[in-house]
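Subject: Structure handover and pocket notes

Hello,

Please find the structure below. My notes on the ligand site follow it.

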Amino acid sequence: MRTAVCPGSFDPITVGHLDLVCRAAAIFDQVVLCVMVNGEKRHMFSLEERLELARAATAALPNVRAEACGGLLAEFAKDQGACALVKGVRGGGDLDWETQMAQINRDLNPGLDTILLPARPEHLHISSTLAREMLRHHQDLERYIPAGAMDALNRIRQGKV
Ligand code: PNS
């Protein structure tokens, strides 16, 4: 069984993330979406809230499960028996950063490679940062957030913005 991990902050999960997870699930036998802490960012949603949103978004995908991890990605991947990380890239900035991350994760876990999938053109402008900004301005998020996660997001967002 070939397992891949799709890691990220998912703060919150977007339709771009879900597309990436679906594409990974078509390539690998099993995909573990891993909701993580990005030490460079101040998250709007807690780890538990981000996990709830990710689970709601991926509930219909039979070979995908979502987990949370506050530690090292390379160790999480080893614990899951994963041979690959799958990440999306929207452009040159993402590519430079993800290439560095891929090398660090391979240093930490030599059995772990990273597959970078190009974002679909219609998702190039979509990011969690944009979704958070839309939330702060009380805008409709239906085009940016997976349908399965909207009920949970509308409940969780109360009191945050
Ligand atoms: O969605 P993001 O914010 O681009 O995801 C980045 C993330 C969470 C995958 C990255 O920050 C990460 O891997 N965090 C876990 C800690 C870790 O393993 N860091 C890399 C080696 S020091």
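The ligand takes up the space of the largest pocket (a molecule sits in a pocket if more than half of its atoms lie within 2 Å of its grid points). A pocket is an open set of points on a 1 Å grid over the protein atoms alone, where a 1.4 Å probe fits, with protein on both sides within 12 Å along at least five of seven lines; lining residues have an atom within 4 Å of a point.

The model is predicted: local features need pLDDT of at least 70, side-chain atom pairs count only at pLDDT 80 or more, and totals for chains, interfaces and linings use all residues. Residues are numbered from 1 along each chain as its sequence is written, and side-chain values use heavy atoms, with hydrogens and water left out.

The lining of the largest pocket comprises 48 residues, with Pro7, Gly8, Ser9, Lys87 and Glu98 nearest the centre.

Around the ligand (a heavy atom within 4 Å) are Gly8, Ser9, Met36, Val37, Asn38, Lys41, Gly71, Leu72, Leu73, Lys87, Met101 and Ile104.

Polar contacts (pairs of N or O atoms within 3.5 Å) are as follows:

- Ser9: a polar side-chain atom is 2.5 Å from a ligand oxygen atom.
- Leu73: a backbone N or O atom is 2.9 Å from a ligand oxygen atom.
- Val37: a backbone N or O atom is 3.3 Å from a ligand nitrogen atom.

Of the 550 Å² of accessible area that the ligand has on its own, the protein covers 76% (Shrake-Rupley method, 1.4 Å probe).

Regards

Methods: A polar contact is a pair of N or O atoms within 3.5 Å; within protein, one must be able to donate a hydrogen and the other to accept it, and residues adjacent in sequence count only if both atoms are side-chain atoms.
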